[in-house]
Amino acid sequence: MTKVRTRFAPSPTGYLHIGGARTALFSWLYARKMQGDFILRIEDTDRERSTQASVDAILEGMQWLGLDHDEGPFYQTQRFDRYKAVIQQLLDQGDAYYCYCSKERLETLRESQWAAKQKPRYDGLCHGRTDIPEGAEPVVRFRNQQEGTVIFDDRVRGTVIFNNSELDDLIIARSDGTPTYNLTVVVDDLDMEITHVIRGDDHINNTPRQINILRALGQKPPIYAHVPMILGDDGKRLSKRHGAVSVMQYRDEGYLPDAVLNYLVRLGWSYADQEVFSREQMQALFDLKDVNKAASTFNTEKLQWLNQHYIKEMPASTIAEHLQWQFNDQGIDTRQGPAVTDVIDALKERARTLKELAAAARYFYQDFDTYDEKAAKKQFKQGTAEVLAALHEGLGTVDHWDLEPIHAAIMQVCKALDLKLGKVGPPLRVAVTGTAMSPSLDVTLKLIGKQRTLERIEKAIDYIK
């Protein structure tokens, strides 16, 4: 049995976006499920638009998502000699020819075909042409068959048929000698022994052309699977307008990579009614035959729900690895203060994103100069300074700074002042956190620490007076 080999081949003209990440995920999952190889290839022949920054962004995105490759990254710009040799082979075989047509002639041809309500296509004028214009810099065109059909069994769409008469003689080398996409992708898939090409269905019109080039080279085409596009919430194709700039944007906004992968795998693939999948489950259950033909709609609320689920269910130690980026981004130094894992356990029930979690954790590590205006106005009233003073005294006597002694000290103050906890707890919370929201008071105070707690109570008393 032939070993399965899939590939992800992005063009480094921008970031790794959500659509590309899903294609990479499907290719990676299928290779892992079949104990095959996953190859990363950078299609950087568009020298004007390709940048090293984009290459770095793609590699960073793949690494963040945990989509590890077995071979590569391979760069097309390092393979020009190989492409040149294949182009020459096609020329020698008579399956390619030089085209000397000017841009003006091609434009006139296209306009006349539009006027005649014909599909614009090259008319083959230069095939067999002998009157070579002086000083011309020709392109090379592949001589496509005009008879018959191209039929392939797509693992997502089923049987797909194209008439050769609909395909024109496409350019496989530009006038400067550089190869074009449809030539390089064929040679790369051939040389890298790719068995399954999993890609977006916007490539499906390229497939018959690539199959014909492969056949001209005497080679068997790989198996194709064209996955449907992703639509935005408004039903239009996902674009920058929908925030689909880069998968790293989702890291910046506080999403866990496992949540993003789980969400992406459900965009076009399903297994029964299951919504939550571990990486191991995805690899075991994923199958191309279960990929939907219809386009999928991106739903930010669903992604948030999944992310919140992962924050709640993941071990705090795993979350801490990703949360550190948010702390750094928000300028929060966690070296002085409670263990990050303890803070995560205290806050994770309410956090939808790591960005929210980091922001909510700030008061555990940093003192503050201001209070939430609404909370302070509501809780810092006449008589509050006396309550806080009593709490300062009571908590100051706690020797073993832990949940039960802290709780007991607060309740003792309530009893001494003949006040219910509802009158004592809220102003204490605002005094030590600066906000009206925090975990339970005993947990909050334990994590803040005795010295910081007492200092903040003193500061609040001064603020009220």
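This is a predicted model: local features need pLDDT of at least 70, side-chain atom pairs count only at pLDDT 80 or more; totals for chains, interfaces and linings use all residues.

Student: Why are helix 3 and helix 5 called roughly perpendicular to each other?

Tutor: The axes of helix 3 (residues 80-93) and helix 5 (residues 181-191) cross at roughly 105° and come within 10 Å. Angles of 65 to 115 degrees count as roughly perpendicular, under 35 as roughly parallel, over 145 as roughly antiparallel and the rest as oblique. Helix 3 and helix 5 are therefore roughly perpendicular.

Student: Which residues make that contact?

Tutor: Helix 3 brings Arg-82, Tyr-83, Val-86, Ile-87 and Leu-90, and helix 5 brings Leu-183, Thr-184, Val-187, Asp-188 and Asp-191; contact means heavy atoms within 4.5 Å.

Student: What makes helix 5 largely enclosed by the rest of the structure?

Tutor: Buried means under 20% relative accessible area (exposed is over 50%, partly exposed in between, with a 1.4 Å probe and protein chains only). Eight of the eleven residues of helix 5 are buried, so helix 5 counts as largely enclosed. Among the buried ones are Asn-182, Val-185 and Asp-189. The cover includes strand 1 (5-8), strand 2 (37-42), helix 3 and helix 6 (207-216).

Student: How do you know that Leu-388 is buried?

Tutor: Its relative accessible area is 0%, so Leu-388 is buried. Leu-388 sits in helix 15 (residues 384-396). Leaving aside neighbours within four places in sequence, Leu-388 is in contact with residues including Pro-427, Ala-431, Ile-457 and Ile-464.

Student: Why is the pair of Tyr-250 and Phe-298 called tilted?

Tutor: Rings of Phe, Tyr and Trp (its six-membered ring) pair if their centres lie within 6.5 Å; planes under 30 degrees apart are stacked, over 60 edge-to-face and the rest tilted. The centres of Tyr-250 and Phe-298 are 6.2 Å apart and the planes are at 50°, so the pair is tilted. Both Tyr-250 and Phe-298 are buried.

Student: What lies over the face of Tyr-122?

Tutor: Arg-141 does, at 3.7 Å from the ring centre. For that label, NZ of Lys or CZ of Arg must be within 6 Å of the ring centre and within 35 degrees of the ring normal.

Methods: Residues are numbered from 1 along each chain as its sequence is written. Side-chain values use heavy atoms; hydrogens and water are left out. Axes are lines fitted to C-alpha atoms, for helices over the stretch in contact, and angles run from 0 to 180 degrees between N-to-C directions. Helices (H or I, at least four residues) and strands (E, at least two) are DSSP runs, numbered from the N terminus.
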